Amino acid sequence: MTTSIAAGTGSLHFGSVGYKRRGCRQASVCDLTFRRGVHKELSWSDAVSKLKVTRTIFTQSAGYRNGKPILAVKSCLEDSSTRFFDFVVIGSGVAGLRYALEVAKQGSVAVITKAEPHESNTNYAQGGVSAVLCPLDSVESHVQDTMVAGAHLCDEETVRVVCTEGPDRIRELIAMGASFDHGEDGNLHLAREGGHSHNRIVHAADMTGREIERALLDAVINDPNIQMFQHHFAIDFLTSQDGSETVCHGVDTLNTKTQQVVRFLSKVILLASGGAGHIYPTTTNPPVATGDGMAMAHRAQAVMSNMEFVQFHPTALADEGLPKQPATARDNAFLITEAVRGDGGILYNLDMERFMPLYDERAELAPRDVVARGIDDQLKKRNEKYVLLDISHKARDKILSHFPNIAAECLRHGLDITRQPIPVVPAAHYMCGGVRAGLQGETNIRGLYVAGEVACTGLHGANRLASNSLLEALVFARRAVQPSIDHKNSSSLDLSDSGLWGRPVVPKTLNSSVMQQLLDGTRKARKDLQSIMWTYVGIVRSTTRLLTAERMISELETDWENFLFRQGWEPTMVGLEACEMRNLFCCSKLVVSSALARHESRGLHYTIDFPHLEESKRLPTVIFPCSTVNTTWSSRQLYRHTVS
């Protein structure tokens, strides 16, 4: 791939999707090439095998209803393996569900979700949603807090749009039945979290995401135009070329219960598949967060941005410090919400020495990147595995009312947070980068819109301000609605021939012992990749470590692919864990490549080789796909026939 640094002014336009963005003029180019395929000139996990990494300036099977299975409404062209909808939504978090409810007023909607509908990052979001709902607060204050937390890499136009429209999105949720905490005066109880200058966090105790997900799912289940397809893993987009423009027409999925490949064809797709926390060994994300949407979009030649900015939540529960450790390892770390520090929680090392004032004058209320680095420094200097977060100096009833879920989880393991400090450690939490989106969720691929963590809208910049993620998802899900409807109404493409694209196949020809070997080998490769990412691409980075990671990931990927092909795997075959593995490889490489392109320390990207902010480098990292795409297992030339 080629790496270039953008400078100057101008406009970026991708096909018919005009991005009103400042930048970019290419200033310098250096060559960094990934290996080619390793078997029959076909590679599993190479994404678009030639990329351009640059920096530019942003301005901008069945569903269920009432617990009972329902059948999809079929057209005369539809069979059990091909389904036609006006809109397809990939992901069942807040962004996907909120969007689905709006576009369902204009046509049929399929919501495709990898596991159970509630299994999303939204459901695990504890803290709340930030919005200006108090007369003493202001949109301008929220804007400035967001810009400061994002190390001034945020797109100011996007920030203003989100902060301005946010309060209305909260009111809509309340009107739909979401129940948030209220104070004694009857008004919404607004909490404060790190990086915020005012109390503006709307919450439902410490289970805000769960309450929002509940309200939205209830509404979706009762909407006759929406069908939910559970346990459908999205494999790849179905695309065509219209001149120089890529057009999206649908997505192939794997029903992981029946092992059937199901094709969804649609004029409009919203990608709301969440993040990629599982590129690291310890993450607060649920098991479904393996970067599938980001990798799919990248393979389809979507523009990616800011992938180096991985937010590590400072305070995940450190099981090693609990009096009674869990009997089995968790699939994802248990999050100790930011609101604990916002409510007065204090961080101590194991000698009960408060340390955050040494790193920042805001102490525990500093932004997450600052707190995570402070904890990381303490752990390394003291050779310890966790620190302590103490809220026990607060009134017992207040602790239990504000943090009932955290209190219950800790108590299950012998720890009373009203009397004892909580052992915590940083864990991978949120991707600030993703598929580059315009102000209406549009991408450079016609017909493909993005919202939520999978998108890079410019809101978060180099670091996400606490509780801005659910807000962003709500705002952009709503903003993507009208352009999606307009696109559906203007599209005249006839997709009656679903055979325009070759179909992936499940590995029925491989016996059970071979499949078990493949599974074991893939799981080992996954652990090895996660270890590389944590060791070399963690909270504190260096050029040497990043280059080492790049080499080790490439070698691991080659070994894994060779292993699979030796066992009889074919390039057209698909399986859940194998597909997740290629997506993890893809996202890991994007993070490393983007990190190598940034020669400064800003926000979540801290490197000892360039430890200072450089104003001249205050530019988002953007990865452009090359016009020539090698035929690989993952970029699927079979999916790229021109449709006339």
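Begin with the charged side chains: the model holds 46 salt bridges, a salt bridge being a side-chain nitrogen of Lys or Arg within 4 Å of a carboxyl oxygen of Asp or Glu. The model is a predicted one, in which local features need pLDDT of at least 70 and side-chain atom pairs count only at pLDDT 80 or more, while totals for chains, interfaces and linings use all residues. Residues are numbered from 1 along each chain as its sequence is written, and side-chain values use heavy atoms, with hydrogens and water left out.

**Stop 1: Lys-114 and Glu-580**

Select Lys-114 and Glu-580, whose salt bridge has its closest N and O atoms 2.7 Å apart. This pair links distant parts of the chain, 466 residues apart: Lys-114 is in the loop between strand 9 (109-112) and helix 2 (121-124), and Glu-580 is in helix 15. Helices (H or I, at least four residues) and strands (E, at least two) are DSSP runs, numbered from the N terminus. Are the two partners buried or exposed? Lys-114 counts as buried at 17% relative accessibility, and Glu-580 counts as buried at 7%. The cut-offs are under 20% relative accessible area for buried, over 50% for exposed, and in between for partly exposed (1.4 Å probe, protein chains only).

**Stop 2: Asp-137 and Arg-200**

Next, select Asp-137 and Arg-200, which meet in a salt bridge of 2.8 Å, N to O. Here too the pair links distant parts of the chain, 63 residues apart, with Asp-137 in the loop between strand 10 (129-130) and helix 3 (139-149) and Arg-200 in the loop between strand 11 (190-191) and strand 12 (201-202). Asp-137 is buried at 8% relative accessibility, and Arg-200 is buried with a relative accessible area of 0%.

While in this part of the chain, pick His-182, in the loop between helix 4 (156-175) and strand 11. His-182 is partly exposed, at 48% relative accessible area.

**Stop 3: a salt-bridge network**

Select Arg-98, Glu-102, Lys-105, Glu-165, Arg-169, Glu-172, Arg-478 and Arg-479 together; salt bridges link them in a network.

**Stop 4**

Move to helix 8 (368-382). Within helix 8, Asp-369 and Arg-373 lie four residues apart, about one turn of the helix. They form a salt bridge with the closest N and O atoms 3.6 Å apart. Asp-369 is buried at 8% relative accessibility, whereas Arg-373 is partly exposed at 22%.

Now look at two backbone positions. Most residues other than glycine have a negative phi. Met-352 is not a glycine, yet has a positive phi of about 60 degrees; this residue sits in the loop between strand 19 (346-348) and helix 8. Asn-383, also not a glycine, has a positive phi of about 55 degrees and lies in the loop between helix 8 and strand 20 (387-390). Met-352 is partly exposed at 41%, and Asn-383 is exposed at 71% relative accessibility.

**Stop 5**

Select strand 14 (residues 232-242), where nine of the eleven residues are buried. Which residue of strand 15 stands opposite Phe-237? Val-251 does. The two strands form a hairpin with two residues between them, and Gly-243 in the turn has a positive phi of about 65 degrees.

**Stop 6: the largest pocket**

Finish at the largest pocket, which holds about 1,300 Å³ of space. Of its 42 lining residues, select the closest to its centre: Pro-281, Thr-282, Thr-283, Arg-330 and Gln-530. On a 1 Å grid over the protein atoms alone, a pocket is an open set of points where a 1.4 Å probe fits, with protein on both sides within 12 Å along at least five of seven lines; lining residues have an atom within 4 Å of a point. Grid points are joined across faces, edges and corners, and the volume is the space filled by probe spheres set on the points. Helix 13 gives the largest share of the lining, seven residues.

Methods
Two strands pair if DSSP finds at least two bridges between them.
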